[in-house]
Amino acid sequence: MNSAWKVERDSHYYKIYDKKKHLAGYFAPEYGKIFPEEKADEIIEQMHKRGEKIGSGYLMIPMVKFGIFSEGHEMDLDYIATQVDEVRLRLSYWKDFLTSRNLNRHKITVSHTDHDMLSITLHIAFPHPVSLEKNSIQEEMGKILSPLLEMGLL
């Protein structure tokens, strides 16, 4: 188990915290086809209670902060150029990471909590099914988040 990350289940997804107890991201398991749909909440709850296994899910984490889109923040051209260069470098590191991990399925959006930041949602396909159990999810998230932290991307 990777102690740098802690997960807490919150309804149908998990919140992920770093070792300083700061929210680092979210993981939403792919539960598969649920039938009947009107009983989805009950069925998903039972899946968690039984520790059923999933093959994939979605990890949402911060990607890059621009440092230029704060209202009322006065800047000069050199500052903006420096920030844009830093963002470009960070994006190249992200591209290298995504390519090296074969994480082709992802989407990037403006963060809903900070309009100066982009968030990335990664589709995570596990090499082997993973139990819907806190320690199992925590271990799998650590395999992705720890290298990102080491690269300075989190």
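This is a predicted model: local features need pLDDT of at least 70, side-chain atom pairs count only at pLDDT 80 or more; totals for chains, interfaces and linings use all residues.

Reply: A residue is called buried here when its relative accessible area is under 20%, exposed when that area is over 50%, and partly exposed in between.

The part to look at is the pairing of Asp116 with Lys65, whose side chains meet in a salt bridge with an N to O distance of 3.6 Å. Asp116 sits in the loop between β5 (106-110) and β6 (117-131), whereas Lys65 belongs to strand β4, so the pair ties together parts of the chain that are 51 residues apart in sequence. As for burial, Asp116 has a relative accessible area of 3% and is therefore buried. Lys65, by contrast, has a relative accessible area of 45%, which lies between the cut-offs of 20% and 50%, so Lys65 counts as partly exposed.

In general terms, side chains of opposite charge can pair when their charged atoms come close. How many salt bridges does a search of the whole structure find? The search finds 6. Another of these pairs is made by Glu45 and Arg9, whose closest N and O atoms are 2.7 Å apart. This pair, too, links distant parts of the chain, with Glu45 in helix α1 (residues 40-50) and Arg9 in strand β1 (residues 6-10), 36 residues apart. Glu45 has a relative accessible area of 30% and is therefore partly exposed, and Arg9, at 35%, is likewise partly exposed. A further salt bridge brings together Lys15 and Asp10, with 3.4 Å between the closest N and O atoms. Lys15 is partly exposed at 24% relative accessibility, and Asp10 is partly exposed at 29%.

The surroundings of these pairs can be followed through the elements that hold them. The protein has 3 helices and 6 strands, and along the sequence these follow the pattern β-β-β-α-β-α-β-β-α. Strand β4, which holds Lys65, also contains Leu59. With a relative accessible area of 0%, which is under the 20% cut-off, Leu59 is buried. Apart from its neighbours within four places in sequence, Leu59 is in contact with a set of residues that includes Ile16, Tyr26, Phe27, Ile120, Leu122, Met141 and Leu145. Leu59 and Leu149 are 90 residues apart in sequence, and their C-alpha atoms are 15 Å apart in space.

Helix α2 meets strand β4 as well, for the buried residues of α2 pack against β4, β5, β6 and α3. Those buried residues are Gln83, Val87, Trp94, Phe97 and Leu98. The 24 residues of α2 (residues 77-100) should span 34 Å at 1.5 Å a residue, and this agrees with the 35 Å between the end C-alpha atoms.

Strand β4 (53-65) also takes part in the largest pocket, where β3 (23-29), β4 and α3 (134-150) each supply at least two residues of the lining. The most comes from β4, with 4 residues. Altogether 17 residues line this pocket, and Trp5, Asp18, Ala24, Leu149 and Leu154 lie nearest its centre. By class, the lining has 11 nonpolar, 1 polar and 5 charged residues, and the space within the pocket is about 310 Å³.

Strand β3 holds Leu23, which is partly exposed because its relative accessibility is 42%. Leaving out residues up to four places away in sequence, Leu23 touches Lys15, Ile16 and Tyr17, and Lys15 is the residue that forms the salt bridge with Asp10. Between the C-alpha atoms of Leu23 and Trp5, which are 18 residues apart along the chain, the distance is 9.9 Å.

For the protein as a whole, 36% of the 154 residues count as buried. Of the contacts between residues at least 6 apart in sequence, 61% join residues at least 24 apart.

Notes: Residues are numbered from 1 along each chain as its sequence is written. Side-chain values use heavy atoms; hydrogens and water are left out. On a 1 Å grid over the protein atoms alone, a cavity is a set of points where a 1.4 Å probe fits but cannot get out, and a pocket is an open set with protein on both sides within 12 Å along at least five of seven lines; lining residues have an atom within 4 Å of a point. Grid points are joined across faces, edges and corners, and a volume is the space filled by probe spheres set on the points. Ala, Val, Leu, Ile, Met, Phe, Trp, Tyr, Cys and Pro count as nonpolar, Asp, Glu, Lys and Arg as charged, and the others, Gly among them, as polar. A salt bridge is a side-chain nitrogen of Lys or Arg within 4 Å of a carboxyl oxygen of Asp or Glu. Buried means under 20% relative accessible area, exposed over 50%, partly exposed in between (1.4 Å probe, protein chains only). The expected span of a helix is 1.5 Å times one less than its number of residues. Contact means heavy atoms within 4.5 Å.
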